[in-house]
Amino acid sequence: MTREQLGLVREPERGDRRQEWGTLDANELRIDRDDAAAVVDALGVDFAGSFNLFYLLRKHFWTAEGAEFHEVAEFLEAAYKRTREVNDDLAVRIVELGGIPPNTPPTIQERAAVHLEAEGLYDLRASLAGDLDGYATLVASMREHVDLAEGVGDSGTAERLRDHLTTLEDDAHEIEQFLEDDTLVREGALD
């Protein structure tokens with residue numbers, strides 16, 4: 001356990017550890033161990049990024065306000081749920097490939113290319129612009145990882161990533177539409 005994790009992460013007092021973090025067990029998918037390791041590392045980045053995007057979307061759902069509050073909040077709730085499904089599916093695939101998904105806050109943040117928003121509340125337009133940046137970062141990463149998975153013969157991972165890309169790109173497009181709308185301001189801001 002690293003020094004940053006002390007107090008944040010606990011080691012179970014009992015039980016046998018089945019697998020050490022950062023190791024790769026054999027997989028039943030018949031994917032070469034080195035190839036599986038490369039895909040697991042890549043999916044770990046996507047997993048961490050989708051985890052952070054989920055938190056961004058959820059935070060903005062909680063704090064959305066303004067003239068289009070209901071429409072935006074409704075979208076954000078559905079989007080964070082879809083992003084969580086993507087995140088869960090990536091974790092399952094990592095395990096199927098013999099790995100362990102990042103699963104503590106320090107490990108997730110170490111791998112995430114999508115960054116969390118600073119503490120505090122920001123206007124909805126700025127929050128959605130940050131969400132859109134998060135989507136763009138995650139989509140770019142996942143596109144690279146489709147190529148990686150195909151390159152090592154892991155068509156199952158490539159197909160899953162393509163499916164997730166469609167979901168994420170559709171949600172990003174919806175945010176773009178919100179940002180194009182001039183009425184996306186706080187109630188009373190134009191008075």
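Visitor: Is Tyr 80 buried or exposed?

Guide: The model shown is predicted. A residue counts as buried when its relative accessible area is under 20%. Tyr 80 has 13% relative accessibility, and therefore it counts as buried. Phe 54 is also classed as buried, because its relative accessibility is 5%.

Visitor: How many aromatic pairs are there?

Guide: An aromatic pair is described by the distance between the ring centres and the angle between the planes. Here the count is six aromatic pairs. One of them joins Phe 54 and Tyr 80 edge-to-face, with 5.7 Å from centre to centre and 75 degrees between the planes. This pair links distant parts of the chain, since Phe 54 belongs to helix α1 and Tyr 80 to helix α2, 26 residues apart. Both residues belong to one aromatic cluster, together with Phe 47, Phe 51, Tyr 55 and Phe 61.

Visitor: What lies over the face of Phe 54?

Guide: Arg 84 does, at 4.7 Å from the ring centre.

Visitor: Which residues have the most contacts inside the largest nonpolar core?

Guide: In soluble globular proteins, nonpolar side chains tend to be buried together. The largest nonpolar core here has 45 residues, and those with the most contacts inside it are Leu 53, Leu 57, Leu 128, Tyr 135 and Ile 175. Helices α1, α2, α4 and α5 each give two or more residues to this core. The greatest contribution, 11 residues, is from α1.

Visitor: What distance does helix α1 reach?

Guide: Helix α1 has 31 residues and reaches 44 Å from its first C-alpha to its last, close to the expected 45 Å.

Methods
Residues numbered from 1 in each chain as written. Predicted model: local features only at pLDDT ≥ 70, side-chain atom pairs only at ≥ 80, totals over all residues. Heavy atoms only, no water. Helix = DSSP H or I, 4+ residues; strand = E, 2+ residues; numbered from the N terminus. Expected span 1.5 Å × (residues − 1). Phe/Tyr/Trp six-rings, centres within 6.5 Å; stacked < 30°, edge-to-face > 60°. Buried < 20%, exposed > 50% of the residue type's maximum accessible area, 1.4 Å probe, protein only. Lys NZ or Arg CZ within 6 Å of the ring centre and 35° of its normal. Core = buried A, V, L, I, M, F, W, Y, C linked by side-chain atoms within 4.5 Å.
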